[in-house]
Amino acid sequence: MDKLTPGLMEVLQPFLGPSWVVYGTNYRKAIFIFISNTGGEQINQVALEAWRSRRAREEISLQELEPVISRAVLDNPHHGFWRSGIMEERLLDALVPFLPLQRHHVRHCVLNELAQLGVEPRDEVTQAVLDSTTFFPEDEQLFSSNGCKTVASRIAFFL
């Protein structure tokens, strides 16, 4: 969504609106999934503040994140939903924020990937993958910069 030209999403508004029937087709059961990186920095900031106040990542509520994400989307003139009727008419049912992954989450990804490969987990491989993964912020090294996206290729390098 953050890569789309503002206004382009308006073509979907009839499919999301109250009529449900467009050109004779009923879209009542259709599911539209819009993916965006907008708000990622704000989500990371909320997660970091939670960690600093000794709250578990899992304790961060959707109600806490929704206004932060909405503000990031609505205030960004380069976002596909900027000044969109879809947002103004509140046609989106849910936001599903992806919280940043911590070191133990990446460790689980490494172990799962090794299991997928049929390889017995080895501590030195797991640690090498973790050590080669970039974590942020610089001082705390708490969250993975790329989640688990690069785990598979890193494992292949260290096997």
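Reader: Which cut-off defines a contact between heavy atoms?

Author: The structure discussed here is a predicted model. In what follows, two residues count as being in contact when their heavy atoms lie within 4.5 Å.

Reader: Which members of the largest nonpolar core touch the most other members?

Author: In soluble globular proteins, nonpolar side chains tend to be buried together. The largest nonpolar core of this model has 20 residues. Those touching the most other members are Ile60, Leu65, Phe81 and Ile86.

Reader: Which helix gives the most residues to this core?

Author: At least two residues of the core come from each of helix H2 (40–52), helix H3 (62–74) and helix H4 (85–88). The helix that gives the most, with five residues, is H2.

Reader: How many residues does the second, separate core have?

Author: This second core is separate, and its members include Leu114, Val125, Phe135 and Val151. Its number of residues is nine.

Reader: How many helices and how many strands does the protein chain have?

Author: From the N terminus on, the order of elements is α-β-β-α-α-α-α-α-β-β-α. The totals are seven helices and four strands.

Reader: What radius of gyration does the protein chain have, against that of a compact globule of 159 residues?

Author: The C-alpha trace spans about 60 × 40 × 25 Å along its principal axes. A compact globule of 159 residues would have a radius of gyration near 15 Å. For the protein chain, the value is 20 Å.

Reader: What percentage of the contacts with a separation of 6 or more is between residues 24 or more positions apart?

Author: The contacts counted here are those of the protein chain with a separation of 6 or more. Within that set, the share of residues 24 or more positions apart is 68%.

Reader: What distance separates the C-alpha atoms of Arg103 and Arg154?

Author: Along the chain, Arg103 and Arg154 are 51 residues apart. Their C-alpha atoms are separated by 15 Å.

Reader: Where is Arg54 found, and is Arg54 buried or exposed?

Author: Arg54 is found in the loop between H2 and H3. Arg54 is not a glycine, although its phi is positive, at about 65°. Because its relative accessibility is 78%, Arg54 counts as exposed.

Reader: What is the phi of Gln141?

Author: Gln141 lies in the loop between S3 and S4. At 34% relative accessibility, Gln141 counts as partly exposed. Gln141 is not a glycine, yet its phi is positive, at about 50°.

Reader: Is the peptide bond from Phe136 to Pro137 cis or trans?

Author: Pro137 is found in the loop between strand S3 (135–136) and strand S4 (143–144). The omega of the bond from Phe136 to Pro137 is near -10°, and the bond is cis.

How values were computed:
Residues numbered from 1 in each chain as written. Predicted model: local features only at pLDDT ≥ 70, side-chain atom pairs only at ≥ 80, totals over all residues. Heavy atoms only, no water. Rg over C-alpha atoms; globule rule 2.2 N^0.38 Å. Core = buried A, V, L, I, M, F, W, Y, C linked by side-chain atoms within 4.5 Å. Buried < 20%, exposed > 50% of the residue type's maximum accessible area, 1.4 Å probe, protein only.
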